[in-house]
Amino acid sequence: MLIDTHCHINMMVKTAFDTMLTEVEVEHAQAIIHQAAERHVKTIINVGTSLPESLNCVALAKRYEPVFAAVGLHPNDCTATWHDDLRELEALVRNKEQNKIVAIGECGLDMHYPDYNLARQKDAFKAQIELALEHDLALIVHTRDAADETVRALEEYKGQLKRGVIHCFSEGIPFADFTLEMGFAFGIGGAITYPKNNQLRDVVKHVPLSSLILETDAPFLPPQVIRGKQNSPAQIATVAEYVAELLGVSVEQVSATTTKRAEQLFMLPR
Ligand SMILES: [Zn+2]
């Protein structure tokens with residue numbers, strides 16, 4: 001049994017960001033969930049990036065039994081009114097069982113595009129870390145071209161914040177060691193299959209298998225075998241096979257170990 005710990009089904013079934021899913025689009029999600037189940041992906045965590053997308057994630061989680069939600073504000077989606085959005089997310093989190101919310105995220109820091117507002121990103125990140133702690137939820141961290149800043153932000157919570165994942169891990173060994181020190185997991189997806197990505201393969205060989213969880217980030221980052229096409233949660237099986245081959249262990253071992261870690265991290269029902 002496999003788990004896709006990070007995807008965006010809402011963005012697979014509609015074309016515009018930050019619009020509410022229609023009933024027809026919600027129904028389209030069923031085929032995606034079904035195809036994933038056929039490749040043994042039995043649980044899917046659908047991750048929010050803004051207030052509307054987080055609401056969509058909750059709607060899909062409530063509708064489909066295998067789906068759980070993460071709610072959060074992506075650093076690139078932090079507008080000047082992020083405080084208001086966060087207050088609304090907090091209202092959702094107060095009913096976390098009913099809304100099937102298992103994590104806060106994705107949140108973090110992103111210095112990739114030149115017009116970022118780092119001060120605002122840091123404030124929003126910190127507020128979301130505290131929200132996760134307050135409500136005993138896992139934290140899904142997005143970091144892009146911001147490794148040092150992310151380390152500084154997380155270090156303040158070392159020992160206190162234990163349930164977290166560095167989503168789409170794309171840093172080198174020093175950041176990997178920091179991730180282990182924090183007690184965080186590594187989110188590993190299709191990027192590991194890319195021919196040029198020796199850095200990530202080195203990291204995966206360097207850290208314990210029990211620190212890995214699998215994710216697709218669908219519809220983004222398709223594995224090499226379907227590069228150029230839309231990614232989907234079913235591709236977790238492709239990632240599991242690749243990791244097994246890379247580490248010289250069985251697919252069953254990769255499945256069992258990463259699934260166990262994901263169940264613990266997100267406190268998923270067994
Ligand atoms: Zn994502």
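Student: What share of the contacts in the protein chain with a separation of 6 or more comes from residues 24 or more positions apart?
Tutor: First, this is a predicted model, where local features need pLDDT of at least 70 and side-chain atom pairs pLDDT 80 or more, while totals for chains, interfaces and linings use all residues. Residues are numbered from 1 along each chain as its sequence is written. Two residues are in contact if their C-beta atoms, placed from the backbone, lie within 7 Å. Of the contacts with a separation of 6 or more, the share from residues 24 or more positions apart is 71%.

Student: How many residues of helix α3 are buried?
Tutor: Buried here means 20 or more other C-beta atoms within 10 Å of the residue's own (exposed is 12 or fewer, partly exposed is in between, and C-beta atoms are placed from the backbone). Out of 13 residues, the buried count is 10.

Student: How are α9 and α10 oriented to each other?
Tutor: Helices are DSSP runs of H or I, at least four residues, and strands are E runs of at least two, numbered from the N terminus. The axes of α9 and α10 come within 10 Å and cross at roughly 70 degrees (lines fitted to C-alpha atoms over the stretch in contact, with angles from 0 to 180 degrees between N-to-C directions). Under 35 degrees is roughly parallel, over 145 roughly antiparallel, 65 to 115 roughly perpendicular and the rest oblique. So α9 and α10 are roughly perpendicular.
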